[in-house]
Amino acid sequence: GGRVTCALPGIQLNGLLWGSRSFELTGVMTVTDTKNALTCELKFGQAAASDGGGGGLWGKSSVKADYMRGEIRNGQGVVVCVCEGNWLEYVDFDGVRHWTMGEYDACMPREVHVNEVLPSDSRFREDVIYLAAGDEHSSQEWKRELEQRQKMDVDGRNAARLARGEKAMETWDS
């Protein structure tokens, strides 16, 4: 499999003390796929506008704050695809819509039933079960037991690291 890395854009949060609240992605997000030699500099808001988006000192911006645009380039710097849209509504690649908010259920959260989860799911921790049942004493005993197991696990990993000549992990003493 491949690995895609992202350098996230800036965030501008307005209206915390007074005025209308707004949240905007600003600047550039860089997406890199080294295995396939592809990169994309996805620009948001004013940075995405071909004219800089300013509109002058008193003029209105030429783009919506949610607008984004980027070019996917190969290893030689040749544009292989243009992506643009509104990160809150839709994304187009070479003019073809590939995603529209609310259109696909794939990203919608759903309840996961107990018979679908792994045995290691935190819902099955003994301390959580006892606490949910109102038995705080037993819950605390199980929590101590779990912490002891975790400490022994860290100690074992650190011993193996030290034996290989590596640096041990930091530990937190209770």
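**Stop 1**

Select Asp 33, which lies in strand β3, residues 22–33. Bear in mind throughout that this is a predicted model. Asp 33 is buried but has no salt bridge. Which side chain of opposite charge is nearest to Asp 33? Lys 35 is, at 7.5 Å.

Now show the polar contacts of this side chain. The side chain of Asp 33 reaches the backbone nitrogen of Lys 35 at 3.3 Å. The side chain of Asn 36 is a further partner, in a polar contact of 2.8 Å with the side chain of Asp 33. To see what else surrounds the residue, leave aside its neighbours within four places in sequence: Asp 33 is then in contact with Arg 3, Val 4 and Leu 38.

**Stop 1: two positive phi angles**

Move to Ala 37, in the loop between β3 and β4, where β4 covers 38–44. Ala 37 is not a glycine, yet its phi is positive, about 55°. The residue is partly exposed, with a relative accessible area of 37%.

Then select Asp 94. This residue is placed in the loop between β7 (90–93) and β8 (96–100). Asp 94 is likewise a residue other than glycine with a positive phi, here near 50°.

**Stop 2: the cysteines**

Display the cysteine sulfur atoms. How many disulfides does a search of the whole structure find? The search finds 0. Cys 40 is in no disulfide, and the nearest cysteine sulfur, that of Cys 83, is 3.9 Å away.

Are Cys 40 and Cys 81 buried or exposed? Cys 40 counts as buried, at 7% relative accessibility. Cys 81 is buried too, with a relative accessible area of 13%.

**Stop 3: Asn 86**

Select Asn 86 in strand β6, which spans residues 79–86. Asn 86 is buried, and its relative accessible area is 4%. With the neighbours within four places in sequence left aside, Asn 86 is in contact with Lys 64 and Asp 66.

**Stop 4**

Side chains of opposite charge can pair when their charged atoms come close. The count for this model comes to 11 salt bridges.

Begin with Asp 155 and Lys 151, whose side chains meet in a salt bridge of 3.3 Å, N to O. Asp 155 is partly exposed, with a relative accessible area of 37%. Lys 151 is partly exposed at 42%.

Next, select Asp 153 and Arg 157. Their side chains meet in a salt bridge at 3.0 Å, N to O. Because Asp 153 and Arg 157 are 4 residues apart in helix α2, about one helical turn separates them. Asp 153 is partly exposed, with a relative accessible area of 39%, and Arg 157 is partly exposed at 46%.

**Stop 5: a salt-bridge network**

Which residues do salt bridges with shared partners join into one network? Select Arg 69, Glu 71 and Arg 73 to see the network. Within it, Glu 71 forms a salt bridge with Arg 69, and the closest N and O atoms are 3.6 Å apart. Glu 71 is partly exposed, with a relative accessible area of 25%. Arg 69 is partly exposed as well, at 29%.

**Stop 6: the whole model**

Clear the selection and colour by secondary structure. There are 2 helices and 8 strands, and along the sequence they follow the pattern β-β-β-β-β-β-β-β-α-α. Of the 174 residues in the protein, 16% are buried. Among contacts between residues at least 6 apart in sequence, 23% join residues at least 24 apart.

Note on methods
Residues numbered from 1 in each chain as written. Predicted model: local features only at pLDDT ≥ 70, side-chain atom pairs only at ≥ 80, totals over all residues. Heavy atoms only, no water. Disulfide = S-S within 2.5 Å. Buried < 20%, exposed > 50% of the residue type's maximum accessible area, 1.4 Å probe, protein only. Lys, Arg positive; Asp, Glu negative; His and termini not counted. Salt bridge = Lys/Arg side-chain N within 4 Å of Asp/Glu carboxyl O. Polar contact = N/O pair within 3.5 Å; in protein donor to acceptor, adjacent residues only side chain to side chain. Contact = heavy atoms within 4.5 Å.
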